[in-house]
Amino acid sequence: MSSIQKFIAAILPRRWVESLEAESRLWMVRCSCGCARSVWEMGGIRGKAAGYTRWFTKCPQCGQRSWHKVSRDPQATSPSHQT
Ligand SMILES: [Zn+2]
């Protein structure tokens, strides 16, 4: 987990953290080259009320630092996938 994720985990009840993690995994950060990672994988938290739609970051696939589109992936709604 990233430091922000550890911080969230330390101050919030476990149930909240789990729902935040589940939500963050549904939000995908996409580079223009086609590479996509979840917000959670990138060390972020995407709660329902959070408001960013773009993220300036470096893409591991093409190596470019650019604005990535952040969008919720409608395909990734598998509820009981995690342990
Ligand atoms: Zn890329």
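This is a predicted model: local features need pLDDT of at least 70, side-chain atom pairs count only at pLDDT 80 or more; totals for chains, interfaces and linings use all residues.

Me: Good to know. How many helices and strands are there in the protein?

Reply: The protein has two helices and four strands. Going along the sequence, the pattern reads α-α-β-β-β-β.

Me: And what is the order of the strands in the sheet?

Reply: The four strands make an open sheet in the order β2-β1-β4-β3, and the pairing is antiparallel. At the edges sit β2 (36-38) and β3, each of which pairs on one side only. On average, neighbouring strands of this sheet are turned by 35° against each other, ignoring direction.

Me: Which strand does β4 pair with over four bridges?

Reply: That is β1 (residues 27-30), again in the antiparallel sense.

Me: I keep spotting K69 in β4. Which residue stands opposite K69?

Reply: R54 stands opposite K69, and R30 stands opposite K69 as well.

Me: Nice. New topic: how many residues of β3 are buried?

Reply: Zero of its five residues, so to speak: β3 is hardly covered. For the protein as a whole, 13% of the 83 residues count as buried.

Me: Which residues make up the largest nonpolar core?

Reply: Five residues do: W27, M28, V29, V39 and W40.

Me: Let's zoom in on V39. Where does V39 lie?

Reply: V39 is in the loop between β2 and β3.

Me: Why does V39 count as buried?

Reply: Because V39 has 22 C-beta neighbours inside 10 Å, and the cut-off for buried is 20 or more.

Me: What does V39 touch, leaving out residues up to four places away in sequence?

Reply: V39 touches S24, W27, V29, G44, R46 and V70. V29 is ten residues from V39 along the chain, and their C-alpha atoms are separated by 6.2 Å.

Me: Last one! What share of the contacts with a separation of 6 or more comes from residues 24 or more positions apart?

Reply: Those residues account for 49% of such contacts in the protein.

Notes
Residues are numbered from 1 along each chain as its sequence is written. A residue is buried if 20 or more other C-beta atoms lie within 10 Å of its own, exposed if 12 or fewer, and partly exposed in between; C-beta atoms are placed from the backbone. Two residues are in contact if their C-beta atoms, placed from the backbone, lie within 7 Å. Two strands pair if DSSP finds at least two bridges between them. Axes are lines fitted to C-alpha atoms, for helices over the stretch in contact, and angles run from 0 to 180 degrees between N-to-C directions. A nonpolar core is a set of buried Ala, Val, Leu, Ile, Met, Phe, Trp, Tyr and Cys residues joined through C-beta atoms within 7 Å.
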